[in-house]
Amino acid sequence: MEMLHMDEFIKLLDSGLDYVNHEIIGDTIVIHVVSNKEEVICPYCGCASSKKHSVYERSFQDLPVMGMKSKIILSNRKMFCINPECSHTTFAETFSFIRPKAKKSNRLLDRIVDVSLNVSSLNATHILKNGIADVEKSTICNLLKKRYTHSGERQDH
């Protein structure tokens, strides 16, 4: 069986990302990635742009890798919107696997909720901190409140 290369691994998260490097710090693998998209769609007007304004680092937690917590550091681009009719002159590149400004990937949030449904939030915190993700009790409570109505039905997110 051929060994999975780190770039192939990162592309499982999003094909629009390229692996740069990684380091292991304590119980966490820190993976640096960059976008490989030639054009980015403005979320305000839908116009494609390849005109880069700037780059900033965005970090977030993702699912564990080989039993280690994972932190991804993304060189996120801010783009100029080239549509003169658009209400925004710049916008940040977005990805389907994480919400804007979120500190945890969507799939990690799903795992946190799955673990938390069957145990108390305090127990879930202990389970999750042991090799899955650093998460506080208040985060778990807020996630459960956002995802489920009072009747117990899942809300769209």
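Predicted model: local features only at pLDDT ≥ 70, side-chain atom pairs only at ≥ 80, totals over all residues.
I take helices (H or I, at least four residues) and strands (E, at least two) as DSSP runs, numbered from the N terminus. I number residues from 1 along each chain as its sequence is written, and my side-chain values use heavy atoms, with hydrogens and water left out.

**Entry: the cavity**

Rolling a probe the size of a water molecule over the atoms shows where empty space is left. On a 1 Å grid over the protein atoms alone, I call a set of points a cavity where a 1.4 Å probe fits but cannot get out; a pocket is an open set with protein on both sides within 12 Å along at least five of seven lines, and lining residues have an atom within 4 Å of a point. Points are joined across faces, edges and corners, and a volume is the space filled by probe spheres set on them.

I count one cavity of 30 Å³ or more. The largest cavity has a volume of about 30 Å³. Helix H1 (residues 6-13) gives the most to its lining, with three residues. The lining is made of Phe9, Ile10, Leu13, Asp62, Ile72 and Arg107. I sort them by class: Ala, Val, Leu, Ile, Met, Phe, Trp, Tyr, Cys and Pro are nonpolar, Asp, Glu, Lys and Arg charged, and the others, Gly among them, polar. That gives four nonpolar, no polar and two charged residues.

**Entry: the second largest pocket**

This pocket holds about 190 Å³ of space. I find 14 lining residues, with Tyr56, Arg58, Ala92, Pro100 and Lys101 nearest the centre. Strand S5 (residues 52-65) gives the most, three residues. The lining splits into six nonpolar, three polar and five charged.

**Entry: H2 against H4**

The axes (lines fitted to C-alpha atoms, for helices over the stretch in contact, with angles from 0 to 180 degrees between N-to-C directions) of H2 (residues 106-116) and H4 (residues 137-147) come within 10 Å and cross at roughly 95 degrees. I therefore log H2 as roughly perpendicular to H4 (65 to 115 degrees; under 35 is roughly parallel, over 145 roughly antiparallel, the rest oblique).

Contact means heavy atoms within 4.5 Å. Asn106, Leu109, Asp110, Ile112, Val113 and Ser116 in H2 meet Ile140, Leu143, Leu144 and Arg147 in H4.

**Entry: Ser121**

I found Ser121 in helix H3 (residues 121-129). Ser121 has a relative accessible area of 15%, so I note it as buried (under 20%; exposed is over 50%, partly exposed in between, with a 1.4 Å probe and protein chains only). Ser121 touches Lys137, Ile140 and Cys141, leaving aside residues up to four places away in sequence.
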